[in-house]
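Subject: Structure handover

Hello,

Here is the structure I promised to pass on to you.

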Amino acid sequence: MEKIPMTPAGLAQLEDELRTLKTIERPAVIRAIAEAREHGDLSENAEYHAARERQSFIEGRVAELEDVISRAQVIDVSTLTGDQVRFGATVTLADEDSDDEVAYTIVGAHEADIKSGRMSVQSPLARALIGKHVGDAVEVTTPGGSKSYEIVDVRFG
C-alpha cells in the first residue's frame, strides 16, 4: 500500500470529518430514510430517494477517509530546516515575467487548497520545486503556457 504524506493538521482535519460523518451525518440520514418510508409509496417518494442518495455519498466518503487515514504518513514539518524545498516547506516564488511574489506551502493531496496557499505535493509546480534551493529557477508547463519562477525563500514550520 502506498503511503500518503500529510501534515499533522491535515490528518486531524480528515479525522474530524470522519468523526462528524459517523456520529452526526450517518444517524441523521438513517432517521431521514425512516421518516420518508413512513410516507408510503417509495417509488415516487423524492425525500426517500434523496436520503438514500445522501446515505450512499456518506458511506462512500467514510470508506475513502478510512482508507486515506490508514495509509497516512504524518510528517512533522516543525522539525525540518534548511533551504531545500521538500514536503512541508513554505516556498516563496517570484514570477520571472512579472516579478510578482507568491508563497505556497507544500502539503498532501488531501489537504491542498490553493486559495489558502496550500499546494498538493503531487501538483506539477510542487514536483518541479522538490529538491531545489533558494535562488534556483524552475520552469513549469501550465494550461496557459510555460511559466518560470525563482525560489526566493524556503521556510518550515
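One definition before the tour: buried means under 20% relative accessible area, exposed means over 50%, and partly exposed is in between (1.4 Å probe, protein chains only). Please keep in mind that this is a predicted model, in which local features need pLDDT of at least 70 and side-chain atom pairs count only at pLDDT 80 or more, while totals for chains, interfaces and linings use all residues. Residues are numbered from 1 along each chain as its sequence is written, and side-chain values use heavy atoms, with hydrogens and water left out.

Let me start with the salt bridges (a side-chain nitrogen of Lys or Arg within 4 Å of a carboxyl oxygen of Asp or Glu). The structure has nine of them. One joins Asp153 to Arg155, at 3.4 Å from N to O. Asp153 is partly exposed at 29% relative accessible area, and Arg155 is also partly exposed, at 41%.

Two others connect helices. Helices here are DSSP runs of H or I with at least four residues, strands are runs of E with at least two, and both are numbered from the N terminus. Glu17 pairs with Arg61, with the closest N and O atoms 2.7 Å apart. Glu17 sits in helix α1 and Arg61 in helix α2 (residues 46-70), so this bridge ties together parts that are 44 residues apart in sequence. Glu25 and Arg54 form another bridge, at 2.8 Å from N to O. Here too α1 is linked with α2: Glu25 belongs to the former and Arg54 to the latter, 29 residues apart. Glu25 is partly exposed at 26%, as is Arg54 at 34%. Glu17 and Arg61 also belong to a salt-bridge network with Glu64.

Next, the interior. A nonpolar core is a set of buried Ala, Val, Leu, Ile, Met, Phe, Trp, Tyr and Cys residues joined through side-chain atoms within 4.5 Å. The largest one has 19 residues, and Val91, Leu93, Leu125 and Leu129 have the most contacts inside it. Two or more residues each come from β3 (90-95), β4 (101-107), α3 (124-129), β6 (137-142) and β7 (145-155), with α3 giving the most, four residues. Contact means heavy atoms within 4.5 Å. Beyond its neighbours within four places in sequence, Leu129 touches Val85, Val91, Leu93, Met119, Val138 and Ile151. A second, separate core has 16 residues, among them Ile4, Ile33, Ala51 and Val62.

Asp95, in strand β3, is buried at 8%. The side chain of Asp95 meets that of Lys147 at 2.7 Å, and one of its polar atoms lies 2.8 Å from the backbone nitrogen of Asp97. Thr7, in the loop between β1 (4-6) and α1 (8-37), is buried at 11%. The Thr7 side chain makes a polar contact with the side chain of Glu111 at 2.4 Å and reaches the backbone nitrogen of Gly10 at 3.1 Å.

Finally, Asp99 lies in the loop between β3 and β4. Asp99 is exposed at 62%, and its phi is near 65 degrees, a positive value in a residue other than glycine.

Best wishes

Conventions. A polar contact is a pair of N or O atoms within 3.5 Å; within protein, one must be able to donate a hydrogen and the other to accept it, and residues adjacent in sequence count only if both atoms are side-chain atoms.
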